[in-house]
Every structure is written in C-alpha cells, then in structure tokens.
Amino acid sequence: MTPKITFVGAGSVVFTQGLLADLFAYPELDGVHVALHDIDPDRLATALAAARRIAAVRGVKPVLTAHADRREALSGADFVVNMVQIGMAEATRTDFEVPARYGLRQTIGDTLGIGGIFRALRTFPFLKALGADIAEVCPEAWLLNYTNPMAMNVQYLGEATGLTRVVGLCHSVYWTVHGLAELVGVPFDEVTYVAAGVNHQAWVLRFEHAGADLYPRLRELAATDGQLRRRVRFDMLRRLGYYPTETSEHSAEYVPWYLKHDSEIERLRLPVGAYLGIVAENEAEYARTRHAIAADEPLPVEGTGEYAPQIVHSVLTGTPRTVYGNVVNRGLIENLPAGGVVEVPCLVDGTGVRPTRIGALPPQLAALNRTYLSVNDLVVRAAVEDDPRHIRHAAMTDPATAAALPVERIFELCDDLVRAHGDRLQPALRAVLGR
C-alpha cells in the first residue's frame, strides 16, 4: 500500500513547504500520499498549490490531496504531522498584551510562563478531538507533534487520549549544536554530542571533537568574549556549567533571574515581546507565498533538516538514524518526574522510534527542569481534572511569573486571560475565581 502522511494544520504554509522539501528529497519516498488538512480554505488551497510546485521542482510524483474534513484526511494515515496553532496571531497577541498590562514581560511566550500556560489550555480541546479521530481512523499512525507548548501538549496527549505512538519534535538541539560547532571552528558533521532535559531547556551534556572535550573552549569564550557574555545562554553556561538548547530569548523566560530586572534586560539585550515580530513576519511570509503562487512566480524549495521527514524515511525504509524527540519520561532521566515529558536522543528505524535512557542529569540542571515539569503537570491536571484552580497554581509555580507578580495579581491575570480566551478553553476552565 502507498504510505500516507497527513499534515494537520497544513495552512502553516511556510513550515509545510520546508517539511515537504525535505520529504520529497528522498527518492525512496517518491509516490507517497500526502494529505493536507486545514480549516482555513484559503490557506489549504495555498498549501496544496505550494506542495505541487515543490514536488515538480524535486522531480517527484506524490499523491497530493487537500481536505477540509479532518477525519477524511486522517483515514488510513501512517504518519500524522501536527502543527496547528489554535487562535493564530490574534490569540498570541492576547497572550502578550494582557500580561503586559500587569507589568509581566515575555519574549516568546510559547513554552512556559503565562503565555505557554494559556497556549496549552486553548490547544488541549483540539488535541483531545484529534486523538479521538486518530484512535478511530488510523490507530497505528505515528503522531509527530510540532505544536507548542511541546512538553505540555505531549503529556496531555498521553493522559487524555491514550495514544502511545506520539513524539514531539523540535529543531532546538540540532541548531544549538550546529551553532556551537561554528563558534569553536569545528565542522558540525565531525562533532559528537548528547543533549537531554526538557524541550527548550535541554542541556548539551557532551560536546566533543575527535575524542576531545570542546567545553573548555566554550567556557573560555564565555569568560573572555564580551559580546558572548551579553547572551543569556552564555550567562547560564558560566553559572550552571552547561549550555541550554534554545535561544537566549527562550531561555530567559524559564527562570526567575532576568526578565524582572531592567538592568538584566539591558545587560543581556533581551527583546521583550520579540515573538510578536515573528508572528507579523510569518503573516507577511504567507502573503508573499500566496502572491507568488497567484502570479506563477518561483517558490523557494529549501530543506529544513527537520526531524519529521527523517522519521518517515527511517520507519518506511529501515534506515537507522538518531533524532531528538520529546517523549514521556519512563525511566529515561531518573532524576526528573516519571510521566513528565523529556527531550532525549531517539533511535529511529523500521521498528519505530525508541528513546534512549540518559540516567541522571547534573543536579543543578535537574532542579530547573523539575520546576518546568511541575508547571506542565499543573496545566495538564487543570485540563484532565476540569479544575480551574490548577491554572492559577501553575502560574504561581512558574518561575518568571512568580518573580514578577504577587499572588493576588497572578489570580487577577489568570481571570483576565480566561475572559480574553473565552470559548477556546474547555467549559470547566472558563471559571473566573477572583482572589
């Protein structure tokens, strides 16, 4: 039978284009069925037109179909790639604008913090419905999730839907090590590395070239390079001994030390509200793609190095490779909570995706990851148990929120965001609790 890959949220056209460019670069996958689904008919039509262009440039002949009906798109799928963003730009702006009125600063707001909490809460109802559809029409499919907040979403999928073939995918480990290799002047392909932790706050545990540890060179740069010292990640390296696997903008949000303080924002050049600019650029990029298709102009066909196409290729062809995946912690990192979602190396081949046991993280790293996972668990508890109090408990536990606001203001902020997001939340979580 022809393998089928379903893209849910295919109207994220630019990201879809990159994934398809990678997928169609594998000659063994010529002829696969790619089913595109989106609830926005204009974006769906644009995604289909872009897919046809990319296939033509790659010289392959996949079966391409577009579906407004999700179950139709999912029926018989071997792989489901989820990249849905509930509420799109409007909801993201709400996640920034309402907290900003309280003096709460965010840079990205998609993983942890008050922005991550409410992004998860409005995504969970969709994930529950998606999981039910997969269980009915393609129960053996691998669900490859790109939607943030990654760890919260993957934990919720496991607890609320019962799906077991779920892997969360993110490019942060790959691009972090790629950048570090460039920084120390070593070809990326010659570097040996291991990273582990939680999504966007994993840690580069090994970083070597020809058997030699490259961390001394990194620590020397952190100590002597004035510009690098003005980056959050190098500040964390100096103080914790290990380098985190997401940008400084991301990393600043997951700890209580930086965004609260004007002096730290200046010292570390933190762009408060940076993600709103990314949202605007994504909207502009979609408009450019739509125009190029309408005007019959060329589209860029560039690979992304994302993991989903690699997993599809390995499972279908048996080619072994290692990717980084976000999976439920079942003994993988022994000093992080069982049931939380951790990011670890995963072996992929014809048998599927198999996570690697890491053992224990250095205690200072595990301490930060445990706080992150505590926030995640409270958000999932709120949804699974229909308990709106746990939304507030999650915000109280979150490091950056707790550093910025007294508890009464945290409750008021949660109430305001519940009102602002309204019926995007499941009914029991729309309650306004007051102080």
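Helices (H or I, at least four residues) and strands (E, at least two) are DSSP runs, numbered from the N terminus, and two strands pair if DSSP finds at least two bridges between them. The model is predicted: local features need pLDDT of at least 70, side-chain atom pairs count only at pLDDT 80 or more, and totals for chains, interfaces and linings use all residues. Residues are numbered from 1 along each chain as its sequence is written, and side-chain values use heavy atoms, with hydrogens and water left out.

**Strand pairing around β8**

- V204 stands opposite Y243 in β10; strand β10 (residues 243-244) runs antiparallel to β8 and is joined to β8 by two bridges.
- Eight bridges link strand β7 (residues 191-198) with strand β8 (residues 201-209) in the antiparallel sense, and V191 has H209 in β8 as its bridge partner.
- The hairpin of β7 and β8 has two residues between the strands, and H200 takes a positive phi near 70° there.
- β8 also pairs in the antiparallel sense with strand β9 (residues 212-213), over two bridges; here E208 stands opposite D213 in β9.
- In the hairpin of β8 and β9, likewise with two residues between the strands, A210 takes a positive phi near 50°.

**Salt bridges**

- The whole structure contains 25 salt bridges, each being a side-chain nitrogen of Lys or Arg within 4 Å of a carboxyl oxygen of Asp or Glu.
- R267 and D235 meet through their side chains in a salt bridge (3.2 Å, N to O). This pair links distant parts of the chain, 32 residues apart, with R267 in helix α11 (residues 262-267) and D235 in helix α9 (residues 232-240).
- A network of salt bridges links D235, R238, R239, E264 and R267.
- R357 forms a salt bridge with E334, with the closest N and O atoms 2.6 Å apart. The two residues are 23 residues apart, R357 in the loop between β13 (352-355) and α14 (363-384) and E334 in the loop between β11 (321-328) and β12 (341-349).
- R381 forms a salt bridge with D377, the closest N and O atoms being 2.9 Å apart; both lie in helix α14, four residues apart, about one turn of the helix.

**Accessibility of the paired residues**

- Buried means under 20% relative accessible area, exposed over 50%, and partly exposed in between (1.4 Å probe, protein chains only).
- D235 counts as buried because its relative accessibility is 1%, whereas R267, at 27%, counts as partly exposed.
- R357 is exposed at 53%, and E334 is exposed at 51%.
- R381 is buried at 17%, while D377 is partly exposed at 30%.
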